[in-house]
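These entries record what I looked up in the structure, in the order in which I consulted it. I begin with the strands, turn to the ligand, and end with the core.

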Amino acid sequence: METIKTQNLTKIFKVKRKEIKAIQNINLSIQSGEIFVLLGPNGAGKTTFLKTISTLILPTYGDGWVNGYNIKKDEYKVRRSIGLSTGFERSFYYRLNGYQNLEFFGTLYGLKGKYLKVKYDSPLFN
Ligand SMILES: Nc1ncnc2c1ncn2[C@@H]1O[C@H](COP(=O)(O)OP(=O)(O)OP(=O)(O)O)[C@@H](O)[C@H]1O
Ligand SMILES: [Mg+2]
(Lines give C-alpha, C1' and ligand atoms only; values in the text may rest on other atoms or scores of the structure.)
(Ligands and ions follow the chains in the order given, each with its own letter.)
Protein backbone atom coordinates (compact mmCIF):
# COMPACT_ATOMS: atom_id res chain seq x y z
CA MET A 1 0.00 0.00 0.00
CA GLU A 2 1.12 3.57 -0.70
CA THR A 3 1.46 5.55 2.52
CA ILE A 4 2.38 8.86 0.92
CA LYS A 5 1.80 9.86 -2.69
CA THR A 6 2.20 13.30 -4.19
CA GLN A 7 1.50 14.73 -7.63
CA ASN A 8 3.23 17.96 -8.64
CA LEU A 9 3.07 19.16 -5.04
CA THR A 10 3.99 22.85 -5.03
CA LYS A 11 3.95 25.56 -2.37
CA ILE A 12 4.62 29.17 -3.22
CA PHE A 13 4.75 31.70 -0.40
CA LYS A 14 3.99 35.29 -1.25
CA VAL A 15 5.91 37.80 0.83
CA LYS A 16 5.47 41.48 -0.07
CA ARG A 17 4.58 40.66 -3.69
CA LYS A 18 7.65 38.44 -3.95
CA GLU A 19 7.10 34.75 -4.65
CA ILE A 20 9.11 32.12 -2.81
CA LYS A 21 8.87 28.67 -4.39
CA ALA A 22 9.40 26.57 -1.29
CA ILE A 23 8.63 23.25 -3.01
CA GLN A 24 8.01 22.68 -6.69
CA ASN A 25 6.41 19.74 -8.50
CA ILE A 26 7.23 17.03 -5.99
CA ASN A 27 6.16 13.62 -7.29
CA LEU A 28 6.82 10.70 -5.01
CA SER A 29 5.37 7.49 -3.76
CA ILE A 30 6.31 5.98 -0.42
CA GLN A 31 5.19 2.45 0.36
CA SER A 32 3.91 1.22 3.71
CA GLY A 33 6.82 0.00 5.86
CA GLU A 34 9.35 1.91 3.81
CA ILE A 35 11.76 4.17 5.71
CA PHE A 36 12.10 7.40 3.77
CA VAL A 37 14.69 10.07 4.53
CA LEU A 38 14.35 13.58 3.13
CA LEU A 39 17.66 15.44 2.96
CA GLY A 40 18.45 18.93 1.72
CA PRO A 41 20.27 22.14 2.63
CA ASN A 42 18.64 24.87 4.72
CA GLY A 43 15.71 26.36 2.88
CA ALA A 44 15.38 23.40 0.49
CA GLY A 45 11.73 22.92 1.44
CA LYS A 46 11.80 19.89 3.77
CA THR A 47 9.63 21.45 6.47
CA THR A 48 7.26 22.92 3.89
CA PHE A 49 6.85 19.46 2.36
CA LEU A 50 6.10 17.91 5.76
CA LYS A 51 3.66 20.68 6.69
CA THR A 52 1.85 20.25 3.39
CA ILE A 53 1.41 16.49 3.53
CA SER A 54 0.41 16.60 7.20
CA THR A 55 -2.29 19.19 6.29
CA LEU A 56 -0.85 22.03 8.37
CA ILE A 57 -0.70 24.19 5.22
CA LEU A 58 -2.38 23.92 1.82
CA PRO A 59 -0.37 23.38 -1.35
CA THR A 60 -0.56 26.12 -3.98
CA TYR A 61 -0.75 23.53 -6.75
CA GLY A 62 -0.70 19.79 -6.97
CA ASP A 63 -2.10 17.14 -4.73
CA GLY A 64 -1.23 14.51 -2.18
CA TRP A 65 -2.59 11.44 -0.39
CA VAL A 66 -1.61 10.06 2.99
CA ASN A 67 -2.81 6.59 3.95
CA GLY A 68 -5.21 6.89 1.03
CA TYR A 69 -6.77 10.17 2.23
CA ASN A 70 -6.54 13.35 0.19
CA ILE A 71 -4.63 16.16 1.91
CA LYS A 72 -6.99 18.85 0.55
CA LYS A 73 -10.38 17.15 0.90
CA ASP A 74 -9.88 14.76 3.83
CA GLU A 75 -7.58 16.66 6.13
CA TYR A 76 -9.19 15.35 9.32
CA LYS A 77 -8.84 11.75 8.15
CA VAL A 78 -5.21 12.39 7.23
CA ARG A 79 -4.58 13.86 10.69
CA ARG A 80 -6.27 10.96 12.47
CA SER A 81 -4.15 8.48 10.54
CA ILE A 82 -0.72 9.95 11.32
CA GLY A 83 1.54 10.92 14.19
CA LEU A 84 3.80 13.85 13.49
CA SER A 85 6.91 14.46 15.55
CA THR A 86 8.65 17.56 14.31
CA GLY A 87 11.87 19.35 15.05
CA PHE A 88 10.35 22.82 14.94
CA GLU A 89 8.95 22.62 18.44
CA ARG A 90 9.39 20.49 21.55
CA SER A 91 8.00 17.18 20.34
CA PHE A 92 9.64 14.66 22.63
CA TYR A 93 11.08 14.56 26.12
CA TYR A 94 14.77 13.80 26.49
CA ARG A 95 14.42 12.24 29.93
CA LEU A 96 11.85 9.69 28.75
CA ASN A 97 12.82 6.71 26.61
CA GLY A 98 11.16 6.06 23.23
CA TYR A 99 8.34 3.91 24.64
CA GLN A 100 7.63 6.38 27.42
CA ASN A 101 7.43 9.21 24.89
CA LEU A 102 4.96 7.20 22.80
CA GLU A 103 2.92 6.43 25.91
CA PHE A 104 2.90 10.09 26.94
CA PHE A 105 1.77 11.39 23.54
CA GLY A 106 -0.63 8.46 23.09
CA THR A 107 -2.26 9.46 26.38
CA LEU A 108 -2.63 13.04 25.11
CA TYR A 109 -4.41 11.58 22.07
CA GLY A 110 -6.86 9.85 24.42
CA LEU A 111 -5.55 6.29 24.02
CA LYS A 112 -5.95 4.03 27.04
CA GLY A 113 -5.08 0.52 28.23
CA LYS A 114 -4.60 -2.01 25.48
CA TYR A 115 -5.12 0.61 22.75
CA LEU A 116 -2.21 2.60 24.07
CA LYS A 117 -0.10 -0.56 24.12
CA VAL A 118 -1.25 -1.84 20.71
CA LYS A 119 -0.14 1.40 19.09
CA TYR A 120 3.49 0.74 19.93
CA ASP A 121 3.35 -3.04 19.74
CA SER A 122 3.97 -2.64 16.03
CA PRO A 123 6.70 -4.76 14.37
CA LEU A 124 8.53 -1.49 13.75
CA PHE A 125 9.40 -1.32 17.45
CA ASN A 126 10.36 -4.98 17.96
N1 LIG B 1 5.71 30.77 6.14
C2 LIG B 1 6.60 31.13 5.22
N3 LIG B 1 6.50 32.31 4.59
C4 LIG B 1 7.39 32.66 3.63
N5 LIG B 1 8.42 31.89 3.24
C6 LIG B 1 8.56 30.70 3.84
C7 LIG B 1 7.67 30.26 4.86
N8 LIG B 1 8.08 29.03 5.28
C9 LIG B 1 9.16 28.74 4.55
N10 LIG B 1 9.46 29.72 3.69
C11 LIG B 1 10.56 29.74 2.70
O12 LIG B 1 10.44 28.57 1.90
C13 LIG B 1 11.71 28.00 1.63
C14 LIG B 1 11.75 26.57 2.16
O15 LIG B 1 11.76 26.63 3.59
P16 LIG B 1 11.68 25.34 4.52
O17 LIG B 1 11.54 25.86 5.91
O18 LIG B 1 10.63 24.44 4.01
O19 LIG B 1 13.10 24.67 4.26
P20 LIG B 1 13.84 23.50 5.09
O21 LIG B 1 14.39 22.55 4.06
O22 LIG B 1 12.93 22.93 6.12
O23 LIG B 1 15.03 24.31 5.77
P24 LIG B 1 15.82 24.00 7.16
O25 LIG B 1 16.84 22.93 6.83
O26 LIG B 1 16.48 25.31 7.47
O27 LIG B 1 14.83 23.57 8.20
C28 LIG B 1 12.73 28.94 2.26
O29 LIG B 1 13.14 29.86 1.26
C30 LIG B 1 11.93 29.65 3.36
O31 LIG B 1 12.46 30.93 3.62
MG1 LIG C 1 13.03 22.74 8.22
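This is a predicted model: local features need pLDDT of at least 70, side-chain atom pairs count only at pLDDT 80 or more; totals for chains, interfaces and linings use all residues.

**Notebook: strands, ligand shell and core**

I then followed the pairing of the two strands. S1 covers residues 2-15 and S2 residues 18-31, and ten bridges hold them in the antiparallel sense. Within this pair, I found Lys14 opposite Glu19 of S2.

Next I asked which residue of S3 is the bridge partner of Thr10. I found Tyr61 in that position. S3 spans residues 61-66 and runs antiparallel to S1, with five bridges joining them.

I turned to ligand 1 and listed its surroundings. Among the residues around it are Phe13, Val15, Ile20 and Ala22, together with Gly43, Lys46 and Thr47. S1, S2 and helix H1 (46-53) each give two or more residues to this shell. H1 provides the largest share, three residues. Sorted by class, the shell has five nonpolar, six polar and one charged residues.

Last, I examined the largest nonpolar core, which has eleven residues, including Ile4, Leu9, Ile23, Phe49, Trp65 and Val78. At least two residues of this core come from each of S1, S2, H1 and S3. S2 contributes the largest share, three residues. Ala22 is listed both in this core and in the shell around ligand 1.

How values were computed
Residues are numbered from 1 along each chain as its sequence is written. Chains are lettered from A and ligands numbered from 1 in the order in which they are written. Two strands pair if DSSP finds at least two bridges between them. Helices (H or I, at least four residues) and strands (E, at least two) are DSSP runs, numbered from the N terminus. A residue is near a molecule or strand if its C-beta atom, placed from the backbone, lies within 6 Å of it. Ala, Val, Leu, Ile, Met, Phe, Trp, Tyr, Cys and Pro count as nonpolar, Asp, Glu, Lys and Arg as charged, and the others, Gly among them, as polar. A nonpolar core is a set of buried Ala, Val, Leu, Ile, Met, Phe, Trp, Tyr and Cys residues joined through C-beta atoms within 7 Å. A residue is buried if 20 or more other C-beta atoms lie within 10 Å of its own, exposed if 12 or fewer, and partly exposed in between; C-beta atoms are placed from the backbone.
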